[in-house]
Amino acid sequence: MKNPDQTSSLFWLVVGIGIALGSLRYGFGDFLSPGAGFITFFAGAILSLLSICLFIASVRRREPRKGLGKLWEGREVGKVFYVILLLTVYTLSLKFLGFLIATFLLLVLLFRIKAAYRLLKIVLIALLITAGTYLVFQVWLKVQLPKGLLQGII
């Protein structure tokens, strides 16, 4: 392949087709009563379509091939690994700490990475986002979120 976009677009094309075909086993249903494979079929189809668009755009592009090192040039690579670490710790601690505590702490730490806000503003923003997502998912949609340390309180 001439550039990494062509290789990655072909990879995602195969993944998208696999998702779309695999979702057909679960039943497609129709628009009024969708089956279990309804959303995943369209997700796979959209992924496939976007990967085809990326492949065509990368073929039409007439710029010289860049190495992988150029991709990270001028970037703050340490912050990328920090975010990956935070998301891993969040996933592992979600059941123990519970949704509210783990999400609040994750948001505060994520906002501290790049945000140029004072700590009080970051805490307030994280609190509002956590409360808003709790209201949407737990109260309105009745999704069971992990309670963790707040088991007897909420």
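The legends below describe close-up views of a predicted model.

**Figure 1. Confidence along the chain of the predicted model.** The chain has an average pLDDT of 89, and 93% of the residues score at least 70. Helix α6, residues 119-140, has the highest confidence in the chain, at a mean of 95. The lowest confidence falls in helix α3, residues 68-71, where the mean is 66. Where pLDDT is low, the predicted coordinates should not be read in detail.

**Figure 2. Packing of helix α1 with helix α2.** Helix α1 covers residues 4-23 and helix α2 covers residues 38-60. The axes of these two helices are 7 Å apart, and the packing angle is about 160°. Angles over 145 degrees count as roughly antiparallel, so α1 and α2 are roughly antiparallel to each other. The crossing of the pair is left-handed. By class, the residues in the contact of α1 with α2 are 14 nonpolar, 10 polar and 1 charged.

**Figure 3. Residue I46 in helix α2.** I46 has a relative accessibility of 49% and therefore counts as partly exposed. Between the C-alpha atoms of I46 and T7 the separation in space is 18 Å, while the two residues are 39 apart in sequence.

**Figure 4. Packing of helix α4 with helix α5.** Helix α4 is made of residues 77-97, and helix α5 of residues 99-114. The axes of α4 and α5 come within 8 Å of each other and cross at roughly 170°. With a cut-off of 145 degrees for roughly antiparallel, the two helices are therefore roughly antiparallel to each other. On the α4 side, the contact is made by K79, Y82, V83, L86, L87, Y90, S93, L94 and L97. On the α5 side, the contact is made by F99, I101, A102, T103, L105, L106, L109, L110, I113 and K114. These contact residues divide into 15 nonpolar, 2 polar and 2 charged.

**Figure 5. Residue Y90 in helix α4.** The relative accessibility of Y90 is 18%, so this residue counts as buried; the cut-off for buried is under 20%. Beyond its neighbours within four places in sequence, Y90 is in contact with F99, A102, T103 and L106. One of these, L106, is 16 residues from Y90 in sequence, with a C-alpha to C-alpha distance of 6.7 Å. Y90 is among the α4 residues that make the contact with α5.

**Figure 6. Packing of helix α5 with helix α6.** The axes of α5 and α6 come within 9 Å and cross at roughly 140°. That angle makes α5 oblique to α6. The crossing of α5 past α6 is right-handed. From α5, the residues in the contact are F99, L100, T103, F104, L107, V108, F111 and R112. From α6, they are L119, I122, V123, I125, A126, L127, I129, T130, T133 and Y134. Counted by class, the contact of α5 with α6 holds 14 nonpolar residues, 3 polar and 1 charged.

**Figure 7. Residue T130 in helix α6.** T130 counts as buried because its relative accessibility is 4%. When neighbours within four places in sequence are left aside, the residues in contact with T130 are F99, L100, T103, F104 and L107.

**Figure 8. Residue K142 in the segment after α6.** K142 has a relative accessible area of 63% and is therefore exposed. Its phi is near 60°, which is a positive value in a residue other than glycine. Most residues other than glycine have a negative phi.

**Figure 9. Residues Q144 and Q151, found in the segment after α6.** Q144 has 73% relative accessibility, so it counts as exposed. The C-alpha atoms of Q144 and L94 are separated by 13 Å, and the two residues are 50 apart along the chain. Q151 is also exposed, with a relative accessible area of 54%. From C-alpha to C-alpha, Q151 and F42 are 37 Å apart in space. In sequence, Q151 and F42 are 109 residues apart.

How values were computed. Residues are numbered from 1 along each chain as its sequence is written. This is a predicted model: local features need pLDDT of at least 70, side-chain atom pairs count only at pLDDT 80 or more; totals for chains, interfaces and linings use all residues. Side-chain values use heavy atoms; hydrogens and water are left out. Axes are lines fitted to C-alpha atoms, for helices over the stretch in contact, and angles run from 0 to 180 degrees between N-to-C directions. Helices (H or I, at least four residues) and strands (E, at least two) are DSSP runs, numbered from the N terminus. Angles under 35 degrees count as roughly parallel, over 145 as roughly antiparallel, 65 to 115 as roughly perpendicular and the rest as oblique. A crossing is left-handed if the near helix is turned anticlockwise from the far one by less than a right angle, and right-handed if clockwise. Ala, Val, Leu, Ile, Met, Phe, Trp, Tyr, Cys and Pro count as nonpolar, Asp, Glu, Lys and Arg as charged, and the others, Gly among them, as polar. pLDDT is the predictor's confidence in each residue, from 0 to 100. Buried means under 20% relative accessible area, exposed over 50%, partly exposed in between (1.4 Å probe, protein chains only). Contact means heavy atoms within 4.5 Å.
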